[in-house]
Amino acid sequence: MSSIPSPPFAQTTDLEARWHTLTASEQAQAKVLIDDASDKIITVCPRYENLRPLTLTRITCAMVQRAMSISDDALAGATQHSETTGPMTDSWSYSNPDGALYLKKQELHDLGVGVQKAFSIDMGSGSVT
């Protein structure tokens, strides 16, 4: 029988193995974000105990990496770019400008969180349609 995964679902060494060696300040930030990402997974996926520990680690690290990818580099995390020089114009927008922790659609699928579907409950019989 496998053990039930417990938060946090990753360590800074897991993030480093998937991304890059972290500075001391990045490690401190990553620890907080790993805790937050683990909490978000538990909130979104109440049956997290049934998931493989590696899945939880992988998704936690991906969330933290996205949040930490914002930087002083003006183009980091940009999905579009805008800059005008004479008659030439470039434009950009950011996919995660505030460094929020979020789950991508595929990650929600991997966590077993299905697509929400509309339904109704018959108040008389209690049947769901």
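Reader: How many helices and strands does the chain have?
Author: This is a predicted model, in which local features need pLDDT of at least 70 and side-chain atom pairs count only at pLDDT 80 or more, while totals for chains, interfaces and linings use all residues. Residues are numbered from 1 along each chain as its sequence is written, and side-chain values use heavy atoms, leaving out hydrogens and water. Helices (H or I, at least four residues) and strands (E, at least two) are DSSP runs numbered from the N terminus. From that terminus the elements run α-α-α-β-β-α, and the chain comes to 4 helices and 2 strands.

Reader: What distance separates the end C-alpha atoms of helix H2?
Author: Helix H2 covers residues 24-44, which is 21 residues, and the expected span of a helix is 1.5 Å times one less than its number of residues. For H2 this gives 30 Å, which agrees with the separation of its end C-alpha atoms, 30 Å.

Reader: Within what arc do the buried residues of H2 fall?
Author: The buried residues (under 20% relative accessible area with a 1.4 Å probe, protein chains only; exposed means over 50%, partly exposed in between) of H2 are Ala 30, Leu 33, Ile 34, Ala 37, Ser 38 and Ile 41. They line one face of the helix, because, seen down the axis of H2, the directions from the axis to their C-beta atoms fall within an arc of 150 degrees.

Reader: Which helices do the buried residues of H2 pack against?
Author: The face of H2 turned away from its buried side carries the exposed residues Ser 25 and Thr 43. On the buried side, packing is judged by contact, meaning heavy atoms within 4.5 Å, and the partners are helix H1 (12-18) and helix H3 (53-68).

Reader: Which residues does Ser 38 touch, apart from those up to four places away in sequence?
Author: Ser 38 lies in helix H2, and it is buried, with a relative accessible area of 1%. Leaving out residues up to four places away in sequence, Ser 38 touches Pro 7, Pro 8, Phe 9 and Thr 60.

Reader: Is Val 128 buried or exposed?
Author: Val 128 is found in the segment after helix H4 (105-110). Since its relative accessibility is 56%, Val 128 counts as exposed.

Reader: What share of the residues in the chain is buried?
Author: Among contacts between residues at least 6 apart in sequence, 58% join residues at least 24 apart. Of the 129 residues in the chain, the buried ones make up 26%.
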